[in-house]
Amino acid sequence: MDDKITLSISDAVDKLIAHSTAEAKLNTLSKKHAKKVHFIPLKYRILGGILQSMNIQFGNFLENTISNIVALHPNNKITTQYSGKRSNDFRLSKKSAELIDEYILSCQTENYTEEILTEKYISLLKQLIKTENEETETVKFNQDIDLLFRQTAENRYVYVEIKYNDDHDSDKFVGINRKFLKTFALLVRELGIKALSEIKPVLMYFNSKKLKGNIYLPENLAIYRGKKFFDTFTQVNYDDIDSCFKNISESRLLNEKFDSLCSRILGETVHTGRN
């Protein structure tokens, strides 16, 4: 894997730890948890809060890393106006919102086969493109875009919704798929898309493991898990990325930093048994 990516991952991890363990951050967590009645001792709740904060920040870090890897391919050009931005002002036709809600409901109430789901999904995307090019009655949406890039050879945009793992609870899972479809429609209007060949929407899971089926999106067409995404859109091997993260997480230096953090918070020496 490109040394620049390896170094950027290592550097980003260091910055994430430094940000999460800053004195001001620790004081804020301490005051927050001190006000709560709980059976878990305060110091353990503070440590848990720090680790939770790191885990949340890891999502943003992962998006940046994937964007950097995608950008290495000479065929890809990141659409910096929208990609990676937490706040984008878009407009969506009311009819598109209705079409998406109807589609979500039908997927929940009908036991579609993969073949039928694929037909329904493609039909919806084409309807959304038609609607966003014809309807003038719209509502304003403020939407984040995980990753948007243009494949120059194919002359098309690729919109990617990035998730770390396929393990969200039912309510959140529905929301992810609804957001994915609405963002597609928003981008159709914003980018002036006229045909489905001009944009490819992708729900990407960083980890390859499939923990649950998706009743809303066809697996082979819309969902790209780990290796499939990197093989399709980048020149970087997924196994190299996996090894990179494992090497960093198991490195002596990083483990010493976490041991030091634990000692600092818990007020005791951490014995790990490492030589």
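Predicted model: local features only at pLDDT ≥ 70, side-chain atom pairs only at ≥ 80, totals over all residues.
Five strands make up an open sheet with mixed pairing, and their order is β1-β4-β5-β6-β7. The edge positions belong to β1 (76–78) and β7 (223–225); each of these has a single partner strand, so one side of each lacks a neighbour in the sheet. On average, and with direction ignored, neighbouring strands are turned by 30° against each other. Within the sheet, β5 (residues 156–163) and β6 (residues 199–205) run in the parallel sense and are joined over seven bridges. Readers who wish to find this pairing in the structure may look for V158, whose bridge partner in β6 is K200. Helix α3 (residues 42–71) packs on the sheet, where it touches β1, β4 (147–151), β5 and β6. The direction of α3 makes about 140° with that of β1.

Helix α3 also meets another helix. Two packed helices are described by the angle between their axes and the distance between the axes. For α2 (residues 23–34) and α3, the axes come within 9 Å and cross at roughly 125°; the two helices are therefore oblique to each other. The crossing of α2 past α3 is right-handed. On the α2 side, the contact involves K25, L26, L29, S30, H33 and A34, which meet L42, R45, I46, G49, I50 and S53 of α3.

From α1, the residues T6, I9, S10 and V13 take part, and from α9, C244, F245 and I248. Five residues of the α1 contact with α9 are nonpolar and two are polar, with no charged residue among them.

Charged side chains form the last part of the picture. Side chains of opposite charge can pair when their charged atoms come close. The structure holds 17 salt bridges, one of which joins the side chains of D146 and R86 at 3.8 Å, N to O. This pair links distant parts of the chain, 60 residues apart. D146 lies in the loop between β3 (138–143) and β4, whereas R86 lies in the loop between β1 and β2 (88–93).

Note on methods
Residues numbered from 1 in each chain as written. Heavy atoms only, no water. Contact = heavy atoms within 4.5 Å. Helix = DSSP H or I, 4+ residues; strand = E, 2+ residues; numbered from the N terminus. Nonpolar A, V, L, I, M, F, W, Y, C, P; charged D, E, K, R; others polar. Pairing = 2+ DSSP bridges. Axes fitted to C-alpha atoms, helices over the stretch in contact; angles between N-to-C directions. Salt bridge = Lys/Arg side-chain N within 4 Å of Asp/Glu carboxyl O. Parallel < 35°, antiparallel > 145°, perpendicular 65-115°, else oblique. Left-handed = near helix turned anticlockwise from the far one by under 90°.
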